[in-house]
Amino acid sequence: QNTLLKVEDLKTCFFTDSGIVASVDGVSFSVNRGETVAIVGESGCGKSVTSLSIMGLLGSSGKIVNGSIRFEGNDLLKLSKKEMRTIRGNNIAMIFQEPLTSLNPVFTVGYQIRETILIHEKISKDAAKQRVIELLKQVGIPHSERIYHSFPHSLSGGMRQRVMIAMAIACRPKLIIADEPTTALDVTIQAQILEILKSLKELNDTTILLITHDLGVVAEVADRVMVMYAGQLVEQSDVFSLFSAPKHPYTLGLLNSTPKIHRLSEQLESIEGSVPNPLQMPVGCRFHPRCPSAMDLCRQSPPPAISMSEREEVKCWLYAETKEAAGG
Ligand code: SF4
Ligand code: MG
């Protein structure tokens, strides 16, 4: 089986004092083994909620109200809390934006990674320690013996993120979900962390689901990309097509506001307007209030997902017309 993760028609809601918010609303996608797939979009588009839904870490106010999440064919939504804990760490691991909050300040980093291994595997403490030292080396940490005995707060942000990656790969997970793994870091360190993610992909054939607002990061590491807006996927494509021939007006807006990739003119534009309030989603296409190409139809009915090729799908009325004209 080539498909590792298959998400179908996922809908995740939060029950707030002001009403029910559907942060993820009808999202379907799959991730194949060995692939790095990115979910990109502005903050508040539902990227993180998608990843937390997969991990079963929504907290008490969030609930998956529809859809399925299949990992190696098994529906994760049907598993007990205990079974889900086993999946996390063993099969699916997560790397967060701010590693300090995910590391325990009172234990050394070596101890924490070693314990993670010992929870999931029956090996001796010594063997686990050796594995940790190897892992620290693998993520490019110099003097790994010394870092083993260091406390999280004594390390730089970049070192802490390396430690988090070492912890994430400690139990050789099949899928790593990395949520804005480089966002809190400065540019040089960002590049180093991206190199590590790339090496994981090459050496361990790890499958990575990467959550980011940064198309520069996508261009660096992803094979495929899904563009998310207002709780929905608006474009899915391989990375090359996305950058060479973007389809959705929102994708175009993101590209025009990304400095590293923007080559057409010197002037950076930002997408006008802001992400809609999920309690008052626009009728029709959710992007229409910000879309320079909006038509009457867009204000009335939501566009369907239109498949442009085997690997490309776009949710926009502009392409429904061309498909019809072409007899598709
Ligand atoms: Fe713009 Fe209409 Fe396409 Fe929505 S459906 S992105 S409003 S052109
Ligand atoms: Mg986020």
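**View 1. Ser244 in helix α10.** Ser244 is found in helix α10, residues 239-244 (helices are DSSP runs of H or I with at least four residues, strands are DSSP runs of E with at least two, and both are numbered from the N terminus). Ser244 counts as exposed because 9 C-beta neighbours lie inside 10 Å; a residue is exposed if 12 or fewer other C-beta atoms lie within 10 Å of its own, buried if 20 or more do, and partly exposed in between, with C-beta atoms placed from the backbone. Gly56 is 188 residues from Ser244 in sequence and 36 Å away in space, C-alpha to C-alpha. The model is predicted: local features need pLDDT of at least 70 and side-chain atom pairs count only at pLDDT 80 or more, whereas totals for chains, interfaces and linings use all residues. Residues are numbered from 1 along each chain as its sequence is written, chains are lettered from A and ligands numbered from 1 in the order in which they are written.

View 2. The domain assignment gives domain 1 (3-91 + 175-264) and domain 2 (103-172); the bounds come from an automatic or database domain assignment. The centres of domain 1 and domain 2, taken over C-alpha atoms, are separated by 25 Å. In domain 1, 11 residues are in contact with 12 residues of domain 2 (contact: C-beta atoms, placed from the backbone, within 7 Å). On the side of domain 1 that touches domain 2, α2 (81-90) and α8 (187-204) are the elements that give two or more residues. Helix α8 supplies the largest share of that side, five residues. By class, the side of domain 1 that touches domain 2 has eight nonpolar, three polar and no charged residues; Ala, Val, Leu, Ile, Met, Phe, Trp, Tyr, Cys and Pro count as nonpolar, Asp, Glu, Lys and Arg as charged, and the others, Gly among them, as polar.

**View 3. The largest nonpolar core.** This core has 82 residues, and those with the most contacts inside it are Val40, Ala166, Ala168, Leu210 and Val227. A nonpolar core is a set of buried Ala, Val, Leu, Ile, Met, Phe, Trp, Tyr and Cys residues joined through C-beta atoms within 7 Å. Helix α7 (residues 157-169) gives the most to the core, with eight residues. At least three core residues come from each of domain 1 and domain 2. Leaving aside neighbours within four places in sequence, Ala168 is in contact with Ala93, Met94, Ile95, Pro173 and Ile176.

**View 4. Strand β6 beside β7.** From strand β6 (residues 92-95), Ile92 and Met94 point one way and Ala93 and Ile95 the other way, and all are buried. Strand β6 runs parallel to strand β7 (residues 175-179), and four bridges join them; two strands pair if DSSP finds at least two bridges between them. The bridge partner of Ala93 in β7 is Ile176.

**View 5. The eight-stranded sheet.** An open sheet with mixed pairing has the strand order β6-β7-β8-β3-β9-β10-β12-β11. Strands β6 and β11 (305-309) stand at the edges, each with a single partner strand, so one side of each has no neighbour in the sheet. Neighbouring strands are turned by 20° against each other on average, direction ignored. Five bridges join β7 to the parallel strand β8 (residues 207-212), where Leu209 is the bridge partner of Ile177. Helix α1 packs on this sheet, touching β3 (36-40), β6, β7, β8 and β9 (224-229), and its direction makes about 150° with that of β7; axes are lines fitted to C-alpha atoms, for helices over the stretch in contact, and angles run from 0 to 180 degrees between N-to-C directions.

**View 6. The β11-β12 hairpin.** A hairpin joins β11 to β12 through two residues. Strand β12 (residues 312-315) runs antiparallel to β11, with four bridges between them. Ser309 stands opposite Glu312 in β12.

**View 7. The four-stranded sheet.** This open sheet has the order β2-β1-β4-β5 and antiparallel pairing. Its edge strands, β2 (19-32) and β5 (74-75), each pair on one side only. Strands β1 (residues 3-16) and β4 (residues 62-71) are joined by eight bridges, and Leu5 stands opposite Phe71 in β4. Helix α1 (residues 47-55) lies across β1, β2 and β4, running at about 70° to β2.

Key: Contact = placed C-beta atoms within 7 Å.
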